[in-house]
Amino acid sequence: MYFQPINDTELTQFINNQITTNNTISINQLCEEILKLLKGKSSKFKYIINSNIFSIIDYSDNNKINSSFNALWDNENDGLFNIQFPLNDNQILLTIIFISL
């Protein structure tokens, strides 16, 4: 198992707090705030955030999100988080990648 600069729960709580305290936050602003948080947690990693925004028009079961990510890296030191959440009437899928230096 690899070292994570932050755990899933803390990251999810941080994102939820950002959204609730600023309900007009843009995805770019949110990603910048996440990067600041991660940089403060550990400077031993490079961080990459990829965001996908899905506008949900039909709230039926027909809406599916499929995402794939592949990497060749050090499984002992590198990793990623995938987090999905609603933001401003859209569904957001963030992939946060951390690569050890």
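Modeller: What follows is a set of questions and answers about this structure, which is a predicted model.

Colleague: Let us start with the sheet. In what order do its three strands stand?
Modeller: The order is β1-β3-β2, in an open sheet with antiparallel pairing. From one strand to the next, the twist averages 15°.

Colleague: Why are β1 and β2 said to stand at the edges?
Modeller: β1 (45-55) and β2 (79-87) each have a single partner strand, so one side of each has no neighbour in the sheet.

Colleague: How do you know that β1 and β3 pair?
Modeller: Two strands count as paired if there are at least two bridges between them. β1 and β3 (residues 90-100) have eleven bridges, in the antiparallel sense, so they pass that cut-off. As one example, S51 has L94 in β3 as its bridge partner.

Colleague: Which helix touches β1, β2 and β3?
Modeller: That is α2 (residues 27-41), which packs on the sheet, its direction making about 155° with that of β1. Helix α1 (residues 8-21) lies across β2 and β3 and runs at about 30° to β2.

Colleague: Now the charged pairs. How many salt bridges does a search of the whole structure find?
Modeller: The search finds two.

Colleague: What makes E10 and K41 a salt bridge?
Modeller: The rule asks for a side-chain nitrogen of Lys or Arg within 4 Å of a carboxyl oxygen of Asp or Glu. For E10 and K41 the closest N and O atoms are 2.6 Å apart, so the pair meets the rule. E10 lies in helix α1 and K41 in helix α2, so the pair ties together parts that are 31 residues apart in sequence.

Colleague: Why does the pair of E33 and K36 get the name salt bridge too?
Modeller: Their side chains meet at 3.4 Å, N to O, so they too fall within 4 Å. Both residues lie in helix α2, three residues apart, about one turn of the helix.

Colleague: How exposed are E10 and K41?
Modeller: E10 has a relative accessible area of 29% and K41 has 38%. Both values lie between 20% and 50%, so each residue counts as partly exposed.

Note on methods:
Residues numbered from 1 in each chain as written. Predicted model: local features only at pLDDT ≥ 70, side-chain atom pairs only at ≥ 80, totals over all residues. Heavy atoms only, no water. Helix = DSSP H or I, 4+ residues; strand = E, 2+ residues; numbered from the N terminus. Axes fitted to C-alpha atoms, helices over the stretch in contact; angles between N-to-C directions. Contact = heavy atoms within 4.5 Å. Buried < 20%, exposed > 50% of the residue type's maximum accessible area, 1.4 Å probe, protein only.
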